[in-house]
Amino acid sequence: MKKVTVLFFLFLCCGSSFAQHEPLDQKLITEEDLVAAAASFGQGNATNAVRYYKGILAGLVHIDQLLASYVIMDEADAPVCAFIENIVQTLSIIKQTKESLKLYKSEDWILHNKMEGKTLDWLNSVEGLMDDYMVKLAEPLSRADETWSEDEYKFYDKYLEAYDKFLAIDDD
């Protein structure tokens, strides 16, 4: 009986310890937290609505942080390769998040379909910004603004219009 009790106690301790280490059950504070939660989400570990929404949030917050870094890189006239690396990372996380969503297609959690639709709209909007504008703006953004041509300024204005449309989706 002692062996059974000890084994049961170990199971409870290890089991609860394991549950505490599930990234989708943790606070999303650092980039490592976001990456771990998104990876867990992509492995199908969102076994309930809370984990599902947290998995989506991990991907979106990570992408949002990358979007914010474009402003910082522009202000610092970061090298083109830094912009390209950021674009590639952004597009990679978008792709991973879209693939992860497919794992949960058949779930019937509250507001699941609505959340999935809004998430896909948001991801598609960011993807459009990357494909249609940021790739072409990487080189000009790496230079001082006073070196830009008139055509580059006009193209940047079009980007700002598209970014405003993204913000409307983001607000939704």
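Residues are numbered from 1 along each chain as its sequence is written. Because the model is predicted, local features need pLDDT of at least 70 and side-chain atom pairs count only at pLDDT 80 or more, while totals for chains, interfaces and linings use all residues; side-chain values use heavy atoms, with hydrogens and water left out.

**Stop 1: helices α3 and α4**

Select residues 49–75, helix α3, and residues 80–102, helix α4. Helices here are DSSP runs (H or I, at least four residues), numbered from the N terminus. The two pack at an angle of about 165°, with their axes 10 Å apart. Axes are lines fitted to C-alpha atoms over the stretch in contact, and angles run from 0 to 180 degrees between N-to-C directions. That makes α3 roughly antiparallel to α4 (over 145 degrees).

Now show the side chains between them. By class, the contact has 12 nonpolar, 7 polar and 1 charged residues. Ala, Val, Leu, Ile, Met, Phe, Trp, Tyr, Cys and Pro count as nonpolar, Asp, Glu, Lys and Arg as charged, and the others, Gly among them, as polar.

**Stop 2: Met115**

Select Met115 in helix α5, residues 112–141. Met115 counts as partly exposed, at 28% relative accessibility (buried is under 20% relative accessible area, exposed over 50%, partly exposed in between; 1.4 Å probe, protein chains only). Leaving aside neighbours within four places in sequence, Met115 is in contact with Tyr52, Tyr53 and Ile56. The C-alpha atoms of Met115 and Tyr52 are 9.8 Å apart, across 63 residues of chain.

**Stop 3: the aromatic rings**

The whole structure has 15 aromatic pairs. Rings of Phe, Tyr and Trp (its six-membered ring) pair if their centres lie within 6.5 Å; planes under 30 degrees apart count as stacked, over 60 as edge-to-face and the rest as tilted.

Select Trp148 and Tyr156: their ring centres are 5.5 Å apart and their planes at 80°, so the pair is edge-to-face. Trp148 is buried at 9%, whereas Tyr156 is partly exposed at 23%.

Tyr159 is buried, with a relative accessible area of 9%.

To finish, select the cluster that Trp148, Tyr156 and Tyr159 form with Trp122, Tyr133, Tyr153, Phe155, Tyr163 and Phe166.

Methods. Parallel < 35°, antiparallel > 145°, perpendicular 65-115°, else oblique. Contact = heavy atoms within 4.5 Å.
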